[in-house]
Amino acid sequence: MPTFTKQSGLLMIFGATGDLAQRKLFPSLYRLYKKGRLSENFACIGIGRREWDTERLKQHIFESIANEQGNTEEKQEFIKLFYYHSLDVSQKESSYHELRELADTLDSQYDLKGNRLFYLAMAPEYFGSIATRLKEDGLTETPGYKRLVIEKPFGHDFESARQLNDQLRKSFSEDEIYRIDHYLGKEMVQNIEVIRFANAFFEPLWNNHYIANIQITSTETLGVEDRGRYYENSGALRDMVQNHIMQIVSLLAMEPPIKLSTDEIRSEKVKVLRALKPIKDDEVDNYFVRGQYGAGEMNGELVPSYREENMVADDSNTETFVAGKLLFDNFRWAGVPFYIRTGKRLGEKSTQIVVQFKDVPMNLFYRTEEKLNPNLLVINIQPEEGITLHLNAKKGGKTPVQLSFLTSKYDRFNTPEAYERLLFDAMRGDATNFSHWDEVALSWKYTDVISRAWEREPAANFPNYPSGSMGPVTADELLAKDGFHWWPVIQEEK
Ligand SMILES: NC(=O)C1=CN([C@@H]2O[C@H](COP(=O)(O)OP(=O)(O)OC[C@H]3O[C@@H](n4cnc5c(N)ncnc54)[C@H](OP(=O)(O)O)[C@@H]3O)[C@@H](O)[C@H]2O)C=CC1
Ligand SMILES: O=C1O[C@H](COP(=O)(O)O)[C@@H](O)[C@H](O)[C@H]1O
């Protein structure tokens, strides 16, 4: 049973010299340390290709936590927990046995009881081979727990994901594999279940009798930055929809679990993903639209088009924007569209869910010429966190009114970051907020149909939205043909 007590064990971060470790993992570990969540029986080995030593890694970690709260003494104490091991995982003869020796030494030194968490913050092509070598070279032969945390992307499509999974499963059981989806560590994503299942006035309405549509929008202002090589091979569908957005969809659409255990929650998510109405090869254009950013103006500065970015082809067919309509073939959701959209270089950085309720019969008010505003439940995931209810009420003759609960900047400062939560969960053995293989598989199967159609037929009109806009007009048309429109991501207080 997972606990909130101080965690012990050996964390091994493969890719400790990389960007993710520097920006997310070390600061998150430091926060856990500051909160007293790491016991004195905890140590970490950072693994990278470059020939650093432990002192060099400590200096690197010290720099990566420079902006975190705390005094120098505390930070110096924290970095004492780290050790470095240089290892080129692409080389067959690499020194895994030396890594094992270091692990065994630290195990005795810190009394770690053989508990090991392997975190692969590496390029995905190495995930499978590292897992294999960990077993072959005896690092997983340990009296304590052994767990594997895997970064994204988990495969490129269903087939490659299946092959990767098969390879991992030779060294780790499904229960020992923690597939990271950092959206599942976000405060308000974790709150979806609470909002749905702990409020008497939402759950009875949470179905096709009362809900007209649900919109999930995740927009970014940044472009592809220095990730052109990765993104060219991915695109917004694989980068954001297959994982983060499908996870949000499943949390919104799943049935209440019979209890709040990892297995029961995951099982409901899997069940609802199985109920997704499959899209036929020749229907993709009816349900999904794609876009690619052109040059434009962001915050008063001119920014280049996607095709002008580093490591991006001049005639790239990669989508930087996706909008889609998902339907479920089940009793609860038949006929209710779940609209999703995500993209880079859009006008706002925001992730938001809007649940639009059906209208009440207008004749009740004998004012059929007037339009009532639909009731909306807005779940703000970022940058603000909280919920807003849009209601029709008399407020000095003005309607709608909004009831909001949004966390202030001060509250957010104390809210753990996604990676902090997920690291802690992995250490204490709680896999609820990690993706089960069945979820990953169903999600790939759904998006594979779309990516295959888009690869078969390159987009003739790319780039089709200027940077700083809210995407191509086809995204608006997708909803307009159903009589809906996107609700703006910034909700002005009326
Ligand atoms: N950066 C981010 O914000 C995010 C990253 N991710 C995922 O995290 C993973 C890591 O990404 P990121 O940190 O950005 O990548 P980086 O390219 O910044 O870092 C890669 C790391 O892998 C190490 N490495 C590369 N090749 C080898 C090798 N042959 N042997 C041993 N070590 C090697 C590098 O070591 P060295 O530098 O010493 O060569 C470095 O520590 C990826 O799967 C990515 O998709 C997911 C979400 C966000
Ligand atoms: O996984 C990814 O997510 C980020 C967006 O994450 P957020 O927490 O800032 O919303 C995205 O920029 C990146 O392309 C993708 O790989």
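How are Glu-55 and Lys-58 separated in helix H2? The two residues lie three apart in this helix (residues 54–64), which means that about one helical turn separates them. Helices here are DSSP runs (H or I, at least four residues) and strands likewise (E, at least two), numbered from the N terminus.

The model is predicted, so local features need pLDDT of at least 70 and side-chain atom pairs count only at pLDDT 80 or more, while totals for chains, interfaces and linings use all residues. Residues are numbered from 1 along each chain as its sequence is written, and side-chain values use heavy atoms, with hydrogens and water left out.

Glu-55 and Lys-58 form a salt bridge, their closest N and O atoms being 3.7 Å apart; the term stands for a side-chain nitrogen of Lys or Arg within 4 Å of a carboxyl oxygen of Asp or Glu. Glu-55 is exposed at 52% relative accessibility, whereas Lys-58 is buried at 16% (buried is under 20% relative accessible area, exposed over 50%, partly exposed in between; 1.4 Å probe, protein chains only).

Another salt bridge joins Glu-176 to Lys-146, with 2.8 Å between the closest N and O atoms. This pair links distant parts of the chain, 30 residues apart: Glu-176 sits in the loop between helix H6 (158–169) and strand E6 (177–179), and Lys-146 in strand E5 (residues 146–150). Glu-176 is buried at 19%, and Lys-146 is buried at 18%.

In helix H10 (residues 262–274), Lys-271 and Glu-268 are also three residues apart, and they form a salt bridge at 3.3 Å between the closest N and O atoms. Lys-271 is partly exposed at 43%, while Glu-268 is buried at 8%.

How values were computed
Chains lettered and ligands numbered in written order.
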